[in-house]
Amino acid sequence: MTNGQFFALMFLAVFPTMAMLLPGDLVRLGGRYGWWTPLLAAMPAIVAAWLTGTLGGRVGDSVSVAMRGLGRVAGRALLLVEWLALGAYMVVVIRESGEISAVTLVTANIPVWVLTVLSALPAALLVWFGPVVLGRTAILIWPVLVFMYAGVLAAILPSTHLIWALPIVPHDMRFATWQPVLRTWVWEAEPTFLGGVLMNHVQVTARKSAGRTLVWAVAVSAILTALGTWSMVAEAGPRGVAVGALPILDLVNRIALGPFVQHLQSVVLPIETMGTVVKVGVFLWVWSRLGQRIVGGWTTIVLVVETIVGTSLAVALFPSVLAVDRATYFWLARWALPALIGSIVVAYGAATIQRGRGRT
Amino acid sequence: MKREWGHIADRCETVLEHIRAVWTDLPLDGRDDAERLWETLGGPPDLVIRNIGDMRVLYLTTIVDHRRIEEAVIRPLTIGSGGAPFPQMLTAELSTLRTLGDAIDALLAAKVVFLSQGRAGGLAMPVQQWPQRELQEPPAEFIARGPHVGFVENLDTNVALLRHAIPEPSLRWEHIAAGQRTGTKGALVYIDGLVRPNLLARVRRHLRRAAPSFTLDSAMLAQWLAPRSNILFPTIGTTERPDRVVAALLEGRVAILVTGSPTALLVPNVFAHLLHVPEDYYQTPISALTNRLIRILGLLVAAGASPLLVALTTINHDLIPERLFVAIAQARRGVPIPIAVEVLVLEVTIEVIREAGVRLPGPVGQSVAIIGAVVVGQAAVMSGLISAPAVVVVSLAFIASFVLPSTDLVMTMRLMRYPLIVLATVFGLYGLTWGLLLALIYLCALDSFGVPYLAPVSPLRPRGLQDTLWRRPLPRLRRSFLASGAQRGQSR
């Protein structure tokens, strides 16, 4: 896998859902300056990504390090914690992808569970083909997604009202409070724990610069989301953005270049859907890899079982979009994210201590 | 004149001495060889056995060149060294036979077999005369500019065409077996130093593993060589044009020719190759770019136009401009069947008309196509059975598929349309997206002889982008991303 593919995977693991779901929340919580939050939250996320990437490239991923530093039993227990936390993430991500499809592309009366299953199936196929195919697919989708996003932002420029988005320098600091920053971390921390595992199980061509690649993935996602949120505020005003479920969709809907070039969501959303599926694929791959390490093999069976379990839980646990929203900020932000970061810290900490003992 | 005859007589003497020298080495217990050959072959009526002195001359009269037999075999043997012309090829092309099997192979390969009464072993000399057509431009790969010549069914002629285009010692070719039962021979052609050694080894391995019992055309061998998991996209390129093969060889690819087939196989074959034609290199880069963009547009229209119409008019009405939607709705007023069924019926109908047009003789086929497309289509729209927008879109998709240079890809696009229409009917644009994503994943997972199918775009090979969509001007075109590193820096 080339570094470009690795970047594409990490970028798609963050951006498609973050750009779609986060701006509304940020403006709701942080007001007109909510667009600053992705940039602010990116700083610690970048440090974490760089550390994981660099340590992973030199010492090994958190999974193998945990087994080495803590021994088989304690190492597996730590992996189990990591697996459960990532599973929670995974379930929410699968459900989000189904929800995005339901809200954006499917107007017919098709149950969300069908769309959720349909989103998980190509992701499972991607995982079955392996990370190299995941990478090849990602490198085709991410530039198109960025191009589309940039095109949308450029297309709404004529209809923006700068008065709503200026001044640039914030007057109040609501955007920097704990809640919006923590919510942003839910997304921006993803390359840290996904990339750390992925890069050590795939032959990344420039493994030593993997830390830098992870940093780029977080930084580019954060900058694009910030730009997007700012444009949304400038176009619809802070209130307009705050009331919309998916403000980017509203933004795309409002683009009209003459009487014929309109309804551009038919062009934008298929790419967005493809990006979301790749995101689910990355999560599913890492989750199944963790599962295989815990049970010690059974590659295909673990993948099939985890796909079925993840999709079933996604359908059963979240009957509505509100439930997904709640889960994101209660399960993920308060439990899964700290558990994942904590297990990585414990794994590398134990490995460092053991190394120190070995030297003495 | 006298001097010339003397010279020829000397040569004949030398040849006869050569034959005698070879034969003296053979054992002397082959008295019934000719009869055994006749029996083994089942007493074929075209097997001729002539006794000339102590020599027995055998050949299959249906496949040999009688004039050459007369001039190069019969006359020298009957007249001896008395002065008749004795062609040089007799010495140059003689091969020894040790077993009965060798003799049978030689006979079936249109060689004349020499056996001696009372001596084992034999000699063979090629005197074949296969029916062969003239060199002409392949009708399926017609180009306006460039060489108007195509391969024929004769392997030697095809190799000669390549040798003529690349008179270089680095052009290598080796014999391959392409049919166990039929004994069909083929040729593996490459340019030494440009082809990657691991690619060559892989192709040889595939050829060894492929064991077709018979090969009537190279397309049959291609099925043995292609990965079994691939059922949709062509991972082996085909062409009847020598210039295309030459370009491929210069890219570091390998060509496979088969006796009896005018179609060469090219490996590896990535997706980008399916959108290229030789004419791209005879035009300016900007013309080539325009044509390639049109082909990509054709590809998208061929695969997606009909399903998109179904998705947008069945489920995602809100995604098309109102005026367009109203126009389609008005045109469909009174049509008794849903648009999905309408599109499917039209797709099948157009395929039936196409197949009928192909099977029927030229003028009749054209008439059927015109009657089917224009008369029946017009009547169906006027009677309100189908709507004009559906006819327009399905016809457009059908025509667009012929923009693609690869007939295999045309077929793939046609086949892809049906599941996409079904998905679009059920899930709208989401279904279409889902189907295209599956196709994309499948393409990403494919490779052709170790080269990723979507290379040089995915995985990204910057050097390959010089000739994927935009072709750099020829003087600036560097070696292909498929070529061996040994030739780094050489222009293509």
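# Chat on a two-chain model

Visitor: Where does B:Pro268 lie?

Guide: B:Pro268 is in the loop of chain B between strand E10 (264-267) and helix H10 (285-314). Helices (H or I, at least four residues) and strands (E, at least two) are DSSP runs, numbered from the N terminus.

Visitor: What are the ground rules here?

Guide: This is a predicted model, in which local features need pLDDT of at least 70, side-chain atom pairs count only at pLDDT 80 or more, and totals for chains, interfaces and linings use all residues. Residues are numbered from 1 along each chain as its sequence is written, while chains are lettered from A and ligands numbered from 1 in the order in which they are written.

Visitor: Back to the proline. Is the peptide bond from B:Val267 to B:Pro268 cis or trans?

Guide: That bond, B:Val267 to B:Pro268, is cis, and its omega is near -10°. Another cis bond runs from B:Ser458 to B:Pro459, with omega near 0°. B:Pro459 sits in the segment after strand E12 (451-452) of chain B.

Visitor: Why flag these?

Guide: Most peptide bonds are trans, and most residues other than glycine have a negative phi.

Visitor: On phi, then: what is the value for B:Ala110?

Guide: B:Ala110 is not a glycine, yet its phi is positive, about 65°. The residue lies in the chain B loop between helix H5 (100-108) and strand E4 (111-116).

Visitor: Zooming out: how many helices and strands are in chain B?

Guide: Chain B has 16 helices and 12 strands. Of its 492 residues, 38% are buried.

Visitor: What does chain A come to?

Guide: Chain A has 13 helices and 2 strands, and 56% of its 360 residues are buried. Its C-alpha trace spans about 70 × 45 × 35 Å along the principal axes.

Visitor: How does the radius of gyration of chain A sit against a compact globule?

Guide: A compact globule of 360 residues would be near 21 Å; chain A has 20 Å, which agrees. The radius is taken over C-alpha atoms, and the globule rule is 2.2 Å times the number of residues to the power 0.38.

Visitor: Now packing. What is the angle between H11 and H12 of chain A?

Guide: Helix H11 (residues 265-295) and helix H12 (residues 299-317) of chain A pack at about 125°, with their axes 9 Å apart. Axes are lines fitted to C-alpha atoms, for helices over the stretch in contact, and angles run from 0 to 180 degrees between N-to-C directions. H11(A) and H12(A) are therefore oblique to each other. Angles under 35 degrees count as roughly parallel, over 145 as roughly antiparallel, 65 to 115 as roughly perpendicular and the rest as oblique.

Visitor: Which residues of H11(A) and H12(A) make the contact?

Guide: Among them are A:Leu284, A:Trp287 and A:Gly291 of H11(A), with A:Val302, A:Leu303 and A:Glu306 of H12(A). Two residues are in contact if their C-beta atoms, placed from the backbone, lie within 7 Å. By class, the H11(A)-H12(A) contact has 5 nonpolar, 6 polar and 1 charged residues. Ala, Val, Leu, Ile, Met, Phe, Trp, Tyr, Cys and Pro count as nonpolar, Asp, Glu, Lys and Arg as charged, and the others, Gly among them, as polar.

Visitor: What about H12 and H14 in chain B?

Guide: The axes of helix H12 (residues 339-359) and helix H14 (residues 388-401) of chain B come within 10 Å and cross at roughly 45°. H12(B) and H14(B) are therefore oblique to each other. Their contact includes B:Val343, B:Leu346 and B:Ile350 of H12(B) and B:Val394 and B:Phe398 of H14(B). The class count for H12(B) with H14(B) is 8 nonpolar, no polar and 2 charged.

Visitor: Last one: how many residues of chain B are in contact with chain A?

Guide: 25 residues of chain B contact 29 residues of chain A. Helix H16 (residues 429-445) of chain B gives the largest share of the chain B side, 10 residues. That side divides into 19 nonpolar, 4 polar and 2 charged residues.

Terms used:
Buried ≥ 20, exposed ≤ 12 C-beta atoms within 10 Å, placed from the backbone.
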